[in-house]
Amino acid sequence: MSDAHLFAIGVVLAWLAGVRVYMTVFGIGLAGFFGWLDLPQALEVTASPWVMGISGVLAAAEFLTDKIPGVDSLSDLLHTVLRIPAGAFLAAAAMSPDGGLGAGALATGAGVAFASHALKSGSRAVLNTSPEPVTNWTASLTEDVATVGGLALVFSYPWVAFGLVVVTSIVLALVLWWVWRMIFRRRRSAAATPRR
């Protein structure tokens, strides 16, 4: 694979780690373990039975807790310290076939993981203002499907996956900006309305 393909794969893996870190690590390890992929040297650790077992159990736990409004936001807050370094590692490991983790690749991965984590956390915080759980469950399942789909797509068609990640991030950022703007506009108008 060319360096450009490895760059696209690294960025997508970092983005997925910002959304579902355990599922991403487990999916990469599973693909490497069964020989569906030739993993770069630095990513081979994900195919270890120990790493797969731990990430699989944590992915199942995250799958369940992420469906509970409020708990999902607390989980996102706690996972800030994990998703960003994991995204940095996955990106750097994918971008360096010789196993060396470059500082530029680590910084790129950290930035991408932070951006996707911030978008996920921000959207879930907005959804948690709704009293019903359906939107929360729908968002959580969408994230699960996007992670599995992204993993399936990234190694076969890295540029398609990269394009989808970029478009999804831009659209989600614009929607979040619009929703936050509407919320603050309503609060301002409510505060400005004189009480009788």
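## Annotated transmembrane spans

The end C-alpha atoms of residues 159-180 lie 31 Å apart, and this span is 100% helix and 0% strand. For residues 7-35 the end C-alpha atoms are 22 Å apart, with 90% helix and 0% strand. Both spans carry the annotation "transmembrane region" in an unreviewed UniProt entry; positions follow the numbering used here, feature names are shortened, and such annotations may be inferred rather than shown by experiment. Helices (H or I, at least four residues) and strands (E, at least two) are DSSP runs, numbered from the N terminus.

The model is predicted: local features need pLDDT of at least 70, side-chain atom pairs count only at pLDDT 80 or more, and totals for chains, interfaces and linings use all residues. Residues are numbered from 1 along each chain as its sequence is written, and side-chain values use heavy atoms, with hydrogens and water left out.

Burial is defined by relative accessible area: buried is under 20%, exposed is over 50%, and partly exposed is in between (1.4 Å probe, protein chains only).

## Salt bridges

A salt bridge here is a side-chain nitrogen of Lys or Arg within 4 Å of a carboxyl oxygen of Asp or Glu. By this rule there are seven salt bridges. One of them joins D144 and R20, at 2.6 Å from N to O. D144 lies in helix α6 and R20 in the loop between α1 and α2, so this pair ties together parts that are 124 residues apart in sequence. Both D144 and R20 are buried.

E143 pairs with K120, the closest N and O atoms being 2.8 Å apart. This pair links distant parts of the chain, with E143 in helix α6 and K120 in helix α5, 23 residues apart. E143 is buried at 10% relative accessibility, and K120 is buried at 3%. Salt bridges that share partners join R20, D66, K67, K120, E143 and D144 into one network.

## Around R83

R83 forms a salt bridge with E62 (2.6 Å, N to O). The two residues lie in distant parts of the chain, E62 in helix α3 and R83 in helix α4, 21 residues apart. E62 counts as buried at 2% relative accessibility, and R83 counts as buried at 0%.

Y22 lies in helix α2 and is buried, with a relative accessible area of 15%. Y22 and R83 are 61 residues apart in sequence and 8.9 Å apart in space, C-alpha to C-alpha.

## Two loop residues

S96 sits in the loop between α4 (71-95) and α5 (103-127). S96 is buried, with a relative accessible area of 8%. The side chain of S96 reaches the backbone oxygen of A92 at 2.7 Å.

W36 is in the loop between α2 (21-33) and α3 (49-65). W36 is exposed, with a relative accessible area of 60%.

Definitions and conventions:
A polar contact is a pair of N or O atoms within 3.5 Å; within protein, one must be able to donate a hydrogen and the other to accept it, and residues adjacent in sequence count only if both atoms are side-chain atoms.
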